[in-house]
Amino acid sequence: TSNDHKSAAVKRARNDSGNKVTVVLGAQWGDEGKGKVVDLLATESDVVCRCQGGNNAGHTVVVDEKEYDFHLLPSGIISTKCTSFIGNGVVIHLPGLFEEIDKNEKKGLKGWDKRLVISDRAHIVFDFHQAVDGLQEVQRQAQEGQNIGTTKKGIGPTYACKASRTGLRICDLMQNVSLLGRHFSHLSKNIIEYAERIRPLVRDGVYFMYDAIHGPPKKILVEGANAALLDIDFGTYPFVTSSNCTVGGVCTGLGIPPANIGDVYGVSKAYTTRVGIGAFPTEQLNAVGELLQTRGHEVGVTTGRKRRCGWLDLVILNYAHMINGFTAIALTKLDILDVLDEIKVGVAYKINGKRVPYFPANLEVLQKVEVEYETFPGWKTDTSAARKWSDLPPKAQNYIRFVENHIGVPIKWVGVGKSRECMIQMF
């Protein structure tokens, strides 16, 4: 009867909003160690999703002494109990995807084809997008004396095609194969082969996510790529990536409502790094910067570029928190600071001696800010063997508590090394 129907609707609205997704996001300029946090959570997740970016991301995960490198695949793909989902907001370079799968198969990845789902609404990166990306960088260098420092993976040009409505999506590949040959053969010589290889993995992503959220209880994890300060809207524009890598990108990149977003974990290093160019207020172009670079092995996973290094910047973390609403934070690579005599933390920006109460949008303004620092004595102790809070030296605990209080978000994990066991869980 209509009455039953009504009561079901009322009930549903009241208690069953569905499973919540847990989100892991970079809180700085990328390379914070998100892969490790995701890996930790993926071991107990049923679904792990990517919602934006492409194979410009690089996550390294170490399992049983084996190092896996992921660029497009969600890092949950290692876990046999877990479905990996590539959402509509991701841009997919098919040769890159299959090359990555083949590489990881050689390292022992098995059964991935039973666990990988790809949204039919995701846009495709073609080789010509990559060519354009390289050419545009050369052109920027020539005209403006500086490029953006893209990974030249064709990500920006693909999102540009998407916005100008000239893009091609996975669903277009799934149509009549003879049409495919005619339409696409000039874009990619192996296109028919890729279409057939990918066909069994393709699903309607909106229905897939809806079922995951409204079906039986499931742990769903979303793995952010890039980071807050590389966000197309909120980052240090124009030295940013071409998608939203803040929490809003999760809703649009998977097709889920905000009500289904649960915990949002921000990942930050215990210091700051940046790859490519653009403003970097706490950068240390001195012995400290060099020490962080060498001790932290700060070289890009995707590009092999040396990363620029500096002190932890809490203005940035506060700004990332305002946008993302972190429910907890993971602070990684604390052990890199073990040898320092004193450690500084940026707590405010000043212009002409006056505090700036916000993170400046304008890059010229950002280039000019002076950073106000809080200085802490170093702990000068090896923390890499610490496995719980009480194992950390008091001065390191003090540093962590300061960061926590300043941002007003609890720190849930502290990372002191490369492997899974090196993530100290605080609560």
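Housekeeping before the tour. Since the model is predicted, local features need pLDDT of at least 70 and side-chain atom pairs count only at pLDDT 80 or more, while totals for chains, interfaces and linings use all residues. Residues are numbered from 1 along each chain as its sequence is written, and side-chain values use heavy atoms, with hydrogens and water left out. When I say helix or strand, I mean DSSP runs numbered from the N terminus: H or I of at least four residues for helices, E of at least two for strands.

Picture an open sheet of 10 strands with mixed pairing, in the order 9-7-5-2-10-1-11-15-19-20. At the edges sit strand 9 (202-203) and strand 20 (423-425), each pairing on one side only. Two strands count as paired here if DSSP finds at least two bridges between them. As a reminder, strands of a sheet pair through backbone hydrogen bonds, either parallel or antiparallel. Take strand 2 (residues 47-50) and strand 10 (residues 220-223): they run parallel, joined by three bridges. Look for Cys-49, which stands opposite Val-222 in strand 10.

Next, strand 16 (residues 342-351), which has several partners to look at. With strand 14 (residues 312-313) the pairing is parallel, through two bridges, and Asp-313 stands opposite Gly-346. With strand 18 (residues 370-377) the pairing is antiparallel over eight bridges. Strand 17 (residues 354-356) is also antiparallel to strand 16, with three bridges.

On to the helices. Axes are lines fitted to C-alpha atoms, for helices over the stretch in contact, and angles run from 0 to 180 degrees between N-to-C directions. Contact means heavy atoms within 4.5 Å. Helix 14 (residues 394-407) lies across strand 15 (328-332) and strand 19 (411-415), at about 145° to strand 19. The axes of helix 14 and helix 12 (residues 314-324) come within 10 Å and cross at roughly 45°. That is why helix 12 and helix 14 are called oblique to each other; under 35 degrees would be roughly parallel, over 145 roughly antiparallel, 65 to 115 roughly perpendicular, and the rest is oblique. Which residues make the contact? From helix 12 we have Leu-314, Leu-317, Asn-318 and His-321, and from helix 14, Phe-402, Val-403, His-406 and Ile-407.

Helix 3 (residues 94-106) packs on helix 8 (residues 191-198) at about 55°, axes 10 Å apart. The residues in that contact include Phe-98 of helix 3 and Tyr-194 of helix 8.

Last, some loops. A cis peptide bond joins Tyr-237 and Pro-238, with omega about 5°, and Pro-238 is in the loop between strand 10 and helix 10 (248-254). His-297, in the loop between helix 11 (287-295) and strand 13 (308-310), has a positive phi of about 45° although it is not a glycine. An unreviewed UniProt entry lists Asp-31 and Gly-58 under "binding site"; such annotations may be inferred rather than shown by experiment. They span 28 residues in sequence, yet no two of their C-alpha atoms are more than 8.0 Å apart, so they gather at one spot.
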